[in-house]
Amino acid sequence: MKYNIFTVLNEGYEKFGILFVSSIIDKLDLDLIDNIFVYDTGLTTETKNKLKIFEKVKIVDSGLDSGNDTSVHSVTWQKNVYSKAKLLKHCVENQEIFYPTVMVDVDCIFIREFFDLVDVTKDAILCKRSMRGRVQGHQATSSHIGSFFSLNKRTPETMKFLDLWISNIDKVSEKGENGSYTPKESPALSLAYDELNSDMNLGELPEPIIANIEITPPHDARIYHLKSDFRFLTIESRVNQPRAIQYSERYFL
């Protein structure tokens, strides 16, 4: 079965976009991929031309411009992240022929084929949060994380799930238990899961395999998530961290 890959990208994350698309071309079975949808939230013409070297890359104007500020948890960052579920819904609704559509954060590198892990008999597959790679007492406690999400069927039930995820983002508090900022996307997703799991056929994949954040990933990790943390706060440090440097050297020609 074919599938689509979906992500959201602005100019500030241009290097991640290059890694993202290049690793798809290099590591995945391209015969299985129908389209790679890159929703443009503020890209330059130069960057769009770089990404379009591969014919399956479809750059879609999102109608949003989140600029090029890469500060962690900035207004720009929030605008980009909190638009993802809405734009995924747009992507799903506007496919003439629907294929399972896998949303992956753009700050990810594909290490090897992953779609064999996606059970397409399920309505959707969520990424189950793990404490591996996080410091003890990490403030984020949601059951699932929004860095990977596969919508396998276009049905009233799955559209309801997306709508609930989207509406939950405005309801979730930005303050963690210790009063510090907590991103809202994953808690909103987890609330939708809790509410609809009993009425839907939902599946899970473990974060260490499908969106790995560990400094030393296991051999069975399929996708590395180069998320920011206290060790890697800048784009340069994130794309050149030890587990990513070989890919940066390969793809940034």
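**View 1. Helix α5 against helix α6.** Helix α5 (residues 156-169) and helix α6 (residues 185-196) have axes that come within 8 Å and cross at roughly 135°. The model is predicted: local features need pLDDT of at least 70 and side-chain atom pairs count only at pLDDT 80 or more, while totals for chains, interfaces and linings use all residues. Residues are numbered from 1 along each chain as its sequence is written, and side-chain values use heavy atoms, with hydrogens and water left out. Axes are lines fitted to C-alpha atoms, for helices over the stretch in contact, and angles run from 0 to 180 degrees between N-to-C directions. Helices are DSSP runs (H or I, at least four residues), numbered from the N terminus. α5 and α6 are therefore oblique to each other (angles under 35 degrees count as roughly parallel, over 145 as roughly antiparallel, 65 to 115 as roughly perpendicular and the rest as oblique). Their crossing is right-handed. On the α5 side, the contact (heavy atoms within 4.5 Å) is made by Lys 160, Phe 161, Leu 164, Trp 165, Asn 168 and Ile 169. The α6 side contributes Glu 185, Ala 188, Leu 189, Leu 191, Ala 192, Tyr 193, Glu 195 and Leu 196. By class, the contact of α5 with α6 comprises ten nonpolar, one polar and three charged residues.

**View 2. Ser 190 in helix α6.** Ser 190 lies in helix α6. Ser 190 counts as buried because its relative accessibility is 5% (buried means under 20% relative accessible area, with a 1.4 Å probe and protein chains only). The side chain of Ser 190 reaches the backbone nitrogen of His 144 at 3.0 Å. Leaving out residues up to four places away in sequence, Ser 190 touches Ser 142, Ser 143 and His 144.

**View 3. Helix α4 against helix α5.** Helix α4 (residues 84-93) packs with α5 at an angle of about 160°, their axes being 9 Å apart. That makes α4 roughly antiparallel to α5. The crossing of α4 and α5 is left-handed. From α4, Ala 85, Lys 86, Leu 88, Lys 89, Val 92 and Glu 93 meet Met 159, Leu 162, Asp 163, Trp 165 and Ile 166 of α5. Sorted by class, this contact of α4 with α5 has seven nonpolar, no polar and four charged residues.

**View 4. Burial along helix α4.** Seven of the ten residues of α4 are buried, so the helix is largely enclosed by the rest of the structure. The buried residues in α4 are Lys 84, Ala 85, Leu 87, Leu 88, Lys 89, Cys 91 and Val 92.

Definitions and conventions:
Helices (H or I, at least four residues) and strands (E, at least two) are DSSP runs, numbered from the N terminus. A crossing is left-handed if the near helix is turned anticlockwise from the far one by less than a right angle, and right-handed if clockwise. Ala, Val, Leu, Ile, Met, Phe, Trp, Tyr, Cys and Pro count as nonpolar, Asp, Glu, Lys and Arg as charged, and the others, Gly among them, as polar. Buried means under 20% relative accessible area, exposed over 50%, partly exposed in between (1.4 Å probe, protein chains only). A polar contact is a pair of N or O atoms within 3.5 Å; within protein, one must be able to donate a hydrogen and the other to accept it, and residues adjacent in sequence count only if both atoms are side-chain atoms.
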